[in-house]
Amino acid sequence: MCILPRLTARLAVVASFAALLGAACSPDSNAPSSTGPSNAALLANRQRGGGGGGAGGSFAVLGQAAVSCSGGSILGDVGTFQATPPGAITLVGCVVTGSTHVGDAAAIAAFNGFLTQYAALAPMTGDCDLAHTLLSTIPASVTLPPGVYCTGAALTASTVTLTLDAGGNANATWLFKIGTPGPTGTGALTGTDFSVVLANGAQACNVTWWVSQAVTMTRAAFQGNILAGAAISMSAGTLNGNAWAGAKADAAGVRVGDVTFTEGTTVVGCAASGGTGNGNGDGDDDNDEDHGHTRHHDKDKDHDKDKDHDRDKHHDKDKHHDKDKDHDNDKHGGDDRNG
């Protein structure tokens, strides 16, 4: 009887079915969910490229054709999809801690990665239930837990504070979807004196803002990665995250999206900051005082070892000294006996 070949064939069928089932249930699936906020984990996982080392690689700033910065600073690489002309990077009294790329291979690859991510995160049916749908205007002093939030229209924030509370989870993620997708989709993000505050372990690089059209910020303290369909303009503010603009194509397939920073805007890209946006300087969640205590503790241990070593040396000397004395006594004692 040929039992072994039959058993092998059956096992092969079972393995194939398991592989298909695993692919259908994979968390990387782009299928829309009808369960609202419970889909946050899936979308947050797809969002991960928004931080440093993701779709845009080391680029803190990406523009479709042009990037300009005056009187400010950018920590991270800067690039444009278009080569010269019309691609251009203009820096006037702006310090860039990174490299600049005008339409070269690295910038093109990063921008294409940005386009892929922008398409993957576009609003879909079932992304947000009523509790996760934001009004067109953010009222003052709002606190939001991790999750996926949608507007379905433009979003405006003036003289308000938005607090993102991680509840002690440094891996918590937020994904804001502003506006509607597609060539005819609308929805801009506008902020004046708008502060985004991170609380209880929240990380700026775990926050992503998908915007259908342009982003305009004035005197804003902004946190998170901006994925804009059109242009990004920031004046006299700060951005802790990446700024990528110009992902959306019109009906003719044309993309327009420059990045403009004026009046001393400061940008700290996620890739440049090690993927963390908390500014703690060491990229971990440990308390620096604890590190200091540990270092002092190690020094104390070394000091104790030195003291013990000194004791051992003295002890050895004492033992040798005692042996020498005993040896001398023995010699003297022998002489006395013989005399």
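How far apart are the sulfur atoms of Cys 69 and Cys 94? I looked this pair up before anything else. The two cysteines form a disulfide, with their sulfur atoms 2.1 Å apart. I keep in mind that this is a predicted model.

**Entry: Cys 69 and Cys 94**

I checked the torsion about the S-S bond of Cys 69 and Cys 94. It is about 80°, so this disulfide is right-handed. Next I looked up where the two ends sit. Cys 69 belongs to strand β2, residues 66-70. Cys 94 lies in the loop between β5 and β6 (95-97). The pair therefore ties together parts that are 25 residues apart in sequence. Then I asked about burial. Cys 69 has a relative accessible area of 1%. Cys 94 has 11%. The cut-off for buried is under 20%, so both values fall on the buried side.

**Entry: Cys 128 and Cys 150**

I went on to the next pair. Cys 128 and Cys 150 form a disulfide, and their sulfur atoms are 2.0 Å apart. The S-S torsion of Cys 128 and Cys 150 is about 65°, so I note this disulfide as right-handed. I found Cys 128 in the loop between α3 and β8. Cys 150 is in strand β9, residues 147-150. The parts tied together by this pair are 22 residues apart in sequence. Cys 128 is buried at 19% relative accessible area.

**Entry: Cys 205 and Cys 270**

Is the link of Cys 205 and Cys 270 left-handed or right-handed? I first confirmed the bond: a disulfide joins Cys 205 to Cys 270, with 2.1 Å from S to S. The torsion about the S-S bond is -110°, and the link is left-handed. This pair links distant parts of the chain, 65 residues apart. Cys 205 is in the loop between β12 (189-199) and β13 (207-211). Cys 270 is in the loop between β21 (266-268) and α4 (288-338). Both cysteines, Cys 205 and Cys 270, are buried.

**Entry: the pairing**

I counted three disulfides. I then numbered the bonded cysteines of the protein chain in sequence order. The pairing reads 1-2, 3-4, 5-6.

**Entry: cis peptide bonds**

Which residues does a cis peptide bond join, with omega about -25°? They are Thr 84 and Pro 85. I then looked at the peptide bond from Pro 85 to Pro 86. This bond is cis too, with omega near 5°. I placed Pro 85 in the loop between β4 (77-80) and β5 (88-92). Pro 86 lies in the loop between β4 and β5 as well.

**Entry: positive phi**

I also looked up residues other than glycine with a positive phi. Ser 141 is one of them, with phi near 55°. I found Ser 141 in the loop between α3 (105-120) and β8 (142-144). Is Ser 141 buried or exposed? Ser 141 is exposed, with a relative accessible area of 65%.

Ala 236 has a positive phi of about 50°, although it is not a glycine. I placed Ala 236 in the loop between β17 (232-235) and β18 (238-240). Its relative accessible area is 30%, so I list Ala 236 as partly exposed.

Conventions: Residues numbered from 1 in each chain as written. Predicted model: local features only at pLDDT ≥ 70, side-chain atom pairs only at ≥ 80, totals over all residues. Heavy atoms only, no water. Helix = DSSP H or I, 4+ residues; strand = E, 2+ residues; numbered from the N terminus. Buried < 20%, exposed > 50% of the residue type's maximum accessible area, 1.4 Å probe, protein only. Disulfide = S-S within 2.5 Å.
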